[in-house]
Amino acid sequence: GYVFDDPINHTDPDGKLPHVVAGAIFGGAIGGAIELGSQLCRGEKVNLRAVAGATLQGAITVYSRRVKRYRLAFRTNETR
C-alpha cells in the first residue's frame, strides 16, 4: 500500500509510489491482453478465468518488482 501502509512513520516525498501502482495496472493489462490474444490466435473459446489469472499475475509481478526496487531506494535514503 501507499507508504507501506504506515503513513505516520513513512512518507513519499518524491511521489514515486503512485507509479508503482500505475505500473501494476499496466502490467496486468498487458498480461491479460497477451493471454486473450493467445487464445484468439489459437482459435480457442475465450477462457475468462485464464485471462483474469494472467491479468492478476502480470499486476503482481510488476508490483512486486517495483516495490522491491522502491524499498531498496527508501532504505538507502533512510540511512543518509
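What follows is a chat about a predicted model, covering its helices, its contacts and its surface.

Student: What are the ground rules on numbering and confidence?
Tutor: Residues are numbered from 1 along each chain as its sequence is written, and side-chain values use heavy atoms, with hydrogens and water left out. The model is predicted, and local features need pLDDT of at least 70, side-chain atom pairs count only at pLDDT 80 or more, and totals for chains, interfaces and linings use all residues.

Student: How many helices and strands does the protein have?
Tutor: The secondary structure comes to two helices and zero strands. Helices (H or I, at least four residues) and strands (E, at least two) are DSSP runs, numbered from the N terminus. A loop between α1 (17-41) and α2 (48-78) holds V46.

Student: What share of the residues is buried?
Tutor: Of the 80 residues, 25% are buried. Buried means under 20% relative accessible area, exposed over 50%, and partly exposed in between (1.4 Å probe, protein chains only).

Student: And the accessible surface, how much is there?
Tutor: About 6,000 Å², of which 61% belongs to carbon and sulfur atoms. Accessible areas come from the Shrake-Rupley method with a 1.4 Å probe; for residues, only the protein chains shown count as cover.

Student: What part of the contacts is between residues 24 or more positions apart?
Tutor: They account for 50% of the contacts with a separation of 6 or more. Contact means heavy atoms within 4.5 Å.

Student: Take V20 then. Where is V20, and what does V20 touch?
Tutor: V20 lies in helix α1. Not counting residues up to four places away in sequence, V20 touches Y63, R66 and V67.

Student: Why does V20 count as buried?
Tutor: Because the relative accessible area of V20 is 5%.

Student: What about V21 and A22?
Tutor: V21 counts as partly exposed at 45% relative accessibility, and A22 counts as partly exposed at 42%. From C-alpha to C-alpha, V21 and V62 are 8.9 Å apart in space and 41 residues apart in sequence. A22 and Y63 are also 8.9 Å apart, C-alpha to C-alpha, at 41 residues in sequence.

Student: Switching to Q39. Buried or exposed?
Tutor: Q39 counts as buried, at 2% relative accessibility. Q39 is found in helix α1.

Student: Which polar partners does its side chain have?
Tutor: The side chain of Q39 makes a polar contact with the side chain of E35 at 2.8 Å. A polar atom of the Q39 side chain also lies 2.7 Å from the backbone nitrogen of N47. A polar contact is a pair of N or O atoms within 3.5 Å; within protein, one must be able to donate a hydrogen and the other to accept it, and residues adjacent in sequence count only if both atoms are side-chain atoms.

Student: What else does Q39 touch?
Tutor: Leaving out residues up to four places away in sequence, Q39 touches E44, K45, V46, N47, A50 and V51.

Student: How many salt bridges are there in the whole structure?
Tutor: A search of the whole structure finds one. The side chains of R42 and E44 meet in a salt bridge at 2.9 Å, N to O. The term means a side-chain nitrogen of Lys or Arg within 4 Å of a carboxyl oxygen of Asp or Glu. E44 counts as partly exposed at 39% relative accessibility.
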